[in-house]
Structure formats: structure tokens, C-alpha cells
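User: Hi! Could you walk me through this structure with a few questions and answers?

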Amino acid sequence: MTEILAQDAGGSGLLSLAPFLIILLLFVPLFLNGRKQRRQMQQTQAMQTALEDGDVVITTSGLRGTITDASYEDTVDLEIADGVVTTWLRAAIREKVTPEPDTTTTDTSSDDERSDKPIIH
């Protein structure tokens with residue numbers, strides 16, 4: 001009788017771990033996702049505290065403006081049109097717009113090189 005009880009207990013060891021493994025597999029992605037969100041939140045807060053006058057930003061509602069006064073702790077003044085200045089919470093700033101590099105290039109090709117291209121009028 002003792003041998004039968006020992007066999008039952010030994011054979012079900014893997015099955016007794018199954019619920020624990022399923023729960024572990026469900027919580028690992030949640031844990032990793034939480035870490036990623038926390039890192040993004042810290043980066044956003046660091047960007048919001050480092051805002052300066054003259055920065056071009058986009059708010060969470062999609063409004064684009066230039067910071068005219070960033071001296072307040074919780075708010076910034078945005079110029080959204082010529083002479084139109086509004087006050088926004090720093091937390092409402094979603095991203096800082098980086099200036100685009102100058103894309104104008106000088107055309108140094110000669111007329112002979114352009115002759116094989118079709119002319120569109």
C-alpha cells in the first residue's frame with residue numbers, strides 16, 4: 001500500500017507545477033511591459049523638465065507651438081501663431097520637434113546630363 005501512495009505522489013509532481021508555470025508565463029510579459037512603460041515615462045518627464053525658450057514642441061492634443069516662456073515650474077507659454085501665446089501644463093507636452101536639416105542642394109549637373117531626362121511641361 002505504501003508503494004502505491006509513493007508512485008501517485010511522484011508521478012503528479014509535474015502536473016502540480018503546471019498552474020504555477022502558466023501563471024508565470026502570463027506575468028513575465030506584463031512585468032517586462034511595465035518596465036518599458038516606466039522607462040518611457042521617465043524619458044518623457046526628463047524631456048518636459050528640460051524644455052527651454054525657443055523649443056518647438058507638440059502637445060498631447062496635437063498642437064504645435066514654440067515655447068516663449070519656460071521659467072515656470074509646472075507650465076510653459078506656447079506661441080501657436082504670430083502674437084498668440086497660450087499657457088500649457090508641462091505634462092501636456094508630448095514631444096520636442098527637432099529641426100530638420102537643410103534639404104536644399106545646389107544643382108551642379110550640366111545641361112548635357114539632363115538631356116536624357118524627359119521634360120515635363
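This is a predicted model: local features need pLDDT of at least 70, side-chain atom pairs count only at pLDDT 80 or more; totals for chains, interfaces and linings use all residues.

User: Where does α2 bend?

Analyst: Helix α2 covers residues 13-49, helices being DSSP runs of H or I with at least four residues and strands runs of E with at least two, numbered from the N terminus. The bend is the angle between axes fitted to the seven residues ending at a residue and the seven starting there. For α2 this angle is about 30°, and the place is P19.

User: Which strands are the edge strands of the sheet?

Analyst: The open sheet has 5 strands in antiparallel pairing, ordered β4-β3-β2-β1-β5; two strands pair if DSSP finds at least two bridges between them. An edge strand pairs on one side only, which here gives β4 (84-89) and β5 (93-96).

User: Which residue forms a salt bridge with D55?

Analyst: A salt bridge needs a side-chain nitrogen of Lys or Arg within 4 Å of a carboxyl oxygen of Asp or Glu. D55 lies in the loop between α2 and β1, and its partner is 41 residues away in strand β5. D55 is buried at 12% relative accessibility, buried meaning under 20%, exposed over 50% and partly exposed in between (1.4 Å probe, protein chains only). The closest N and O atoms are 3.6 Å apart, and the partner is K96.

Terms used:
Residues are numbered from 1 along each chain as its sequence is written. Side-chain values use heavy atoms; hydrogens and water are left out. The expected span of a helix is 1.5 Å times one less than its number of residues.
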